[in-house]
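Please read the numbered points alongside the model.

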Amino acid sequence: MRKLLFIVFCIAMSLIFSVSCQGFEFKNPPIVDNAGYLTQSEYDEISTLLEEFRLQNDFDLVIYTENKMSGASAQSTADDIFDYMGYGASDESGMILYICADTREYHFSTFKKGTEYFNDNRLRRLDEQVLPHLSEGDYYG
């Protein structure tokens, strides 16, 4: 997970110009680990990195895991979580990595500026980086 976040962070930093937060306050944590993949120290470390990133760049990077999929597919679940749980920067921009423990499915969804920054080729590269870690159960790696 740490390598994944580093890759996402590097890509986002290379694409995002510094934007002030303009007083927007994020209401939800950047990580919701309902599946219990991370230890508390791993959760704290990644959460701190994501929180700093979202405040500096007005762009919401979210990781959300759950045991049973709450939607019809990984994509629709990721989209619904981002939309209906109040994620998104001041202009509702961001990206979510959704992982379901039961079905072992995952999905990256992008919103507003996120669709510009993370086109199909970049998302494919993220998939190539993430899938080996998920396949091995190395969620922090």
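A polar contact is a pair of N or O atoms within 3.5 Å; within protein, one must be able to donate a hydrogen and the other to accept it, and residues adjacent in sequence count only if both atoms are side-chain atoms. This is a predicted model, in which local features need pLDDT of at least 70 and side-chain atom pairs count only at pLDDT 80 or more, while totals for chains, interfaces and linings use all residues. Residues are numbered from 1 along each chain as its sequence is written, and side-chain values use heavy atoms, with hydrogens and water left out.

1. At the start of helix 5, a side-chain oxygen of N119 comes to within 3.1 Å of the backbone nitrogen of N121. Helices (H or I, at least four residues) and strands (E, at least two) are DSSP runs, numbered from the N terminus.

2. Helix 5 has a kink of about 25° at Q129, shortly before the proline P132; the bend is the angle between axes fitted to the seven residues ending at a residue and the seven starting there. Just after helix 5, G137 adopts a positive phi of about 75°.

3. K112 sits in the loop between strand 4 (105–111) and helix 4 (113–117). Its C-alpha lies 4.7 Å from that of S93, although the two residues are 19 apart in sequence. Beyond neighbours within four places in sequence, K112 contacts D91, E92 and S93 (heavy atoms within 4.5 Å).

4. Buried residues of helix 5 are L123, L126, V130, H133 and L134, buried meaning under 20% relative accessible area, exposed over 50% and partly exposed in between (1.4 Å probe, protein chains only). K112 is partly exposed, at 47%.
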